[in-house]
Structures are given as structure tokens and as C-alpha cells.
Amino acid sequence: MTGFDLSCRFVQVWQRNLLVYRKTWKISFVPPLLEPLFYLAAFGVGLGKLVGSLAYGGKSTNYTAYIAPALIAINIMQSAFFENTFSSFVRMYYQKTFDAMLATPLTIDEVITGEILWGATKSVIGTALMMVIVTLFGLLHYPYALLLLPAAFLGGLAFACAGMICTAIVPTIETFNLPMFLFITPMFLFSGTFFPLDNLPGWAQLVARTLPLTHLVELCRSLALGRISASTLTAVAYLFTWSVVLFPLALIGMRRRLVR
Amino acid sequence: MPAIIEVDNLRKSYGSAVAVDGISFAVQAGECFGLLGPNGAGKTTTIRIVYGFTPRDSGHLRIFGTDCDGAWRALKARIGVCQQENNLDPDLTVRENLEIFAAYFNLPSPLVRERVASLLHFTALEGREQSSVRDLSGGLMRRLVLARALINEPQLLILDEPTTGLDPQSRHQLWSRLEELKLRGLTTLLTTHYMDEAQRLCDRLVIMDEGKILVEGAPLDLIRLHVGSSVIEVVAPSVDLRRMLQEKGLPYEDLGQRLVIYSIDGEALYRELLNGHSRDGCMMRPATLEDVFLRLTGRELRE
């Protein structure tokens, strides 16, 4: 099997996931609305009193305004990565949804593409909901902040592809704890999320700059605060390249897993 | 008119394990064709190859007279498949399950409404269309899987163990639906290890073991050819009886506490046994496909 067999029929897989999501939206809506509230309360109001403000882009920035875009970036990462690891695995392994789809004119490449784009879509939905809350705190700088939505799609795509590759590899659903612990959690803490990268030792800064969340945080922060710079474009280029490389790897990996 | 399915010297291995070992068969239009065999015989692998799920290692495969390679998307649009698992969408209702599947086939919505209504009627799921799949019994789920497989009005229906795990009522209900489809001229390929199911539904069948086809034919022909019209079973057989059978050169199977005697002239032998050897525990019954199956594939456990 060489070459990808991909038509726009992947939309039907995406629509299937949307239909299921719409049935459970009352529950799915809650975390992206409540999570930023908790974090902003704990870190912004609580910790922010101690920290005061710090320098970002050459300007003094209130700590709450500094971490709010990072919370959005973290949510983008987690939404897509969760969707294409745990949720995709349930559909693939327990519900045999992919097996059913593969008995129709859909190809495996279309099924996996639909899944990945759905993961990215979950990131966009989560971002839109979080933006409502963060806007109420007056922490978003419009109209630039509206670009957070396409940024969420791009960032979501990057983590959706990474999640799908994990799904292609893991033997059991419990194995996802490994990438969660070794990939997601360190990024959550050390990607310029809650403190500037400059506070890290030199080698750690270099490591952090190779990781996608660092760039997604930078992208979200510059858009949320309306301070576009060269590093904004670097972040976009990084996330785009990451997705372009990982997407075909995800398709190949899932073929190896499913075609037997 | 070309055959609906033509399989020629099909092979598939997983590492060093040979799943399908050079099998050939053809299914004609309007026919119900069965693949029988013990667990691990290669039935499921064979039909997965036929509906384009598993790529074959070698051999030729033509469906509707078309060479399959590179034509799967068009071919799959004309095939309906009931896989072994009830892989319905548990988060969706009965109706939504049918509608979402129709979308995978790119069917226009007025047509979908029409087909969903007629399939709900056909599978006796009317009134349940708003039920969640989680609330359905095994039998209802199986009927919904069948309805879903028919949403594209297939010209070939493929069923992998359609009634495994169903209660007798549900099995008979499903069988009558499949018979109805056969009357309408639908070509069907099915796997099963229920011999009564194969005997009732299949026009022709093959018995497979270890990736190879052992025999092919109509159920009654296979019974006549390999077992005869009747079978005599003797419980707690005597040494005399065994000697007598050996002297006469009659084929029988010795299961220790039970003898199974295959005889072309069963009636006369049965009378002789009743008079002479073992009055009690001697029983004559019509031969079944199960006798053929056990004779050909042996009685040892497979897994």
C-alpha cells in the first residue's frame, strides 16, 4: 500500500464525531468554562498578589494577564491530545467504530484524517468557551484576540497528530499514562506557561524551545495581549511544520495498526 | 453472467502463521454461500479479504466481475457487511446509527429517510428508532446491524457469524429476514459454526480447516456423500459390536463410551443392532451437516 487515499469524505467522520458531541455537550461544555475560572482564581488572584507583574515583550504585564493565554494554550493541547488518544482509542478498540467505517467507501486515511481534524476542532470549541470567561476578566486584547481561534486550530492539529501517533503505538489504553506523564505534564509546567523561559537554566531553555507547547503559549500570549512580534511568526511556522511532518506519520502508524 | 465473487488461490499469512492457504471458490448471483470451519480455520480472514478490509498476500479476487485492486471504493459502495462484533455507535439512537452510516455512503437525504423507514419496518425495529443503542438487547442490536448493512441497498451481503450469542427466538427471527432477502435475489456470503444455520440458509458451502477448503457443495449433497442418509449412535458399545463392524468394514467413529456408525443402509443395520447387540442405548437419526463437519475436521478441541 503506497500513496495516501484521501478524499474530502473525511468530513463524514468529522460529522459523526460532531453528532455524538452535540448529544453530550451539556457535560463537555463544563470543563473549558470552569477550568480557567479555577486557575485564574488560584494563580491570578492568589499567586498574582505575591508576583505582582513581570516583563513580557518589553512591557510590564500583570501576572493574571500573563498566565491567562497560557491557560488557553494548555487547554488547546489537552483537548486535542485527549481526543486523539483516549477517545480515539475507545472508538478504535472498544467500540470498533473504525472497523464499521472501513466496511463502507471510506478509506482508513479518511477515517484518521476526520479524527485528527475533530481533535483540532475540540481545541477550537474549548478556546471559544474559555475566551468568554477570560474576556469577562478583561484579559483579552481585541481584535487580535480573535486570532486565538485559528491559532487554536493550528495548535490543536499539532497535538491531535501527536495523540494519533500515540494511539497507533500503545498496546493498551493504560499506556497513555506514559506520554501524559513524560510529554504533556513537563510541557504544562515548563513551556513558559506560569513563569518566563528566561528563569530556566540555559540547557532547559533549549529543550523547552524544541517542544510544541512553548510555541503555542508564545502564539496565544502574543495574540491575547495584542503584541505581535517575530516570535509570533516563528511559533506559527513551528506548529505548521510540526503538523505537516506528524500528520503523514499518524496515517502510516494507524494503517500499520488497523490493516491486518 | 459473471460470478458475484471469484476467489482464486487466495493466500494470507500473519508472520509464520498461515491463515488462508490457497483457497478458490466462486459465488453466483442470488446464491447464499457459506464458509464453515472450526475456530481459526481462516473464515473471518477470508471474508475480511473479500470486503476489502484485509489485503491479501497473493491470489486473484474479482467482485461483480471487476478486479478488486484499485477499485475498492466503488465496490464497497455495492457491498453490505455485518461484522462479527455489534460495532454500533453506542452514543447514538437507532435512527441516528442508520443515518450516519448512510452518510458514509454519500446517500442523499430524501433517499435516506425512505430507506431508514423501510429498513426499520423490515427488521421490526419500528417504534424503537429513538431508543439508545445502549438499551437494546443482543437480538435487537443484531437486527440493527443487519439494517445498517442494507442501507446502501447492497448487491452482495457479507455476514460474519450473524447469530452468534443470540437466543433461539432472535436467531429464527434473523434467519427469516435473511431468507426474505434471498427470495429478493440478494447474493449472500456468510461464515458460521452453527451447522443448523448453514443447512437452513446456504445453497452451497465450503468446510475449511487450517486455511484450506476440505469440501465444497450443497448441504444435502455433502451429507449424502460424506455421511449417508442416517447415522446410528450406540451408547456403551460391546466388544462384539466393534468386532462385527470391523468384519463388515463399516465406517464408524469410536468415542469410547459411544460409537457413531455411518451407514449407507442404515435401516437394515439398525434392525440388526436392535435384535442382536444392544437393545438399549441404540439410536438411529437422520445425518446432519454436523456429522459431515465433525467427520472432516475431527473432534479435537481447537483452542
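Predicted model: local features only at pLDDT ≥ 70, side-chain atom pairs only at ≥ 80, totals over all residues.
**View 1. Packing of helix α10 against helix α11 in chain A.** Helix α10 (residues 212-224) of chain A and helix α11 (residues 230-258) of chain A have axes that come within 9 Å and cross at roughly 135°. That angle makes α10(A) oblique to α11(A). On the side of α10(A), the contact is made by Pro212(A), His215(A), Leu216(A), Glu218(A), Leu219(A) and Ser222(A), while α11(A) contributes Ser231(A), Thr232(A), Ala235(A), Val236(A), Tyr238(A), Leu239(A) and Trp242(A). Sorted by class, the residues of this contact comprise 8 nonpolar, 4 polar and 1 charged.

**View 2. Packing of helix α6 against helix α7 in chain A.** Helix α6 (residues 108-136) of chain A packs with α7(A) at an angle of about 140°, and their axes are 7 Å apart. The two helices α6(A) and α7(A) are therefore oblique to each other, and their crossing is right-handed. Residues of α6(A) in this contact include Ile112(A), Ile116(A), Gly119(A), Ala120(A), Val124(A) and Met131(A), and among those that they and their neighbours in the contact meet in α7(A) are Leu149(A), Phe153(A), Gly156(A), Ala160(A), Cys161(A) and Met164(A). The contact of α6(A) with α7(A) divides into 14 nonpolar, 6 polar and 2 charged residues.

**View 3. The side of chain A that touches chain B.** Contacts between the chains involve 20 residues of chain A and 21 residues of chain B. On the chain A side, the elements that give two or more residues are α1 (10-23) and α5 (97-101), and the largest share, 6 residues, comes from α1(A). By class, this side of chain A has 10 nonpolar, 5 polar and 5 charged residues.

**View 4. Confidence along chain A.** The mean pLDDT of chain A is 93, with 99% of its residues reaching 70 or more.

View 5. Chain B is divided into domain 1, which covers 5-223, and domain 2, which covers 229-286. The C-alpha centres of domain 1 and domain 2 of chain B lie 40 Å apart.

Notes:
Residues numbered from 1 in each chain as written. Chains lettered and ligands numbered in written order. Contact = placed C-beta atoms within 7 Å. Helix = DSSP H or I, 4+ residues; strand = E, 2+ residues; numbered from the N terminus. Nonpolar A, V, L, I, M, F, W, Y, C, P; charged D, E, K, R; others polar. pLDDT = per-residue confidence, 0-100. Axes fitted to C-alpha atoms, helices over the stretch in contact; angles between N-to-C directions. Parallel < 35°, antiparallel > 145°, perpendicular 65-115°, else oblique. Domains from an automatic or database assignment. Left-handed = near helix turned anticlockwise from the far one by under 90°.
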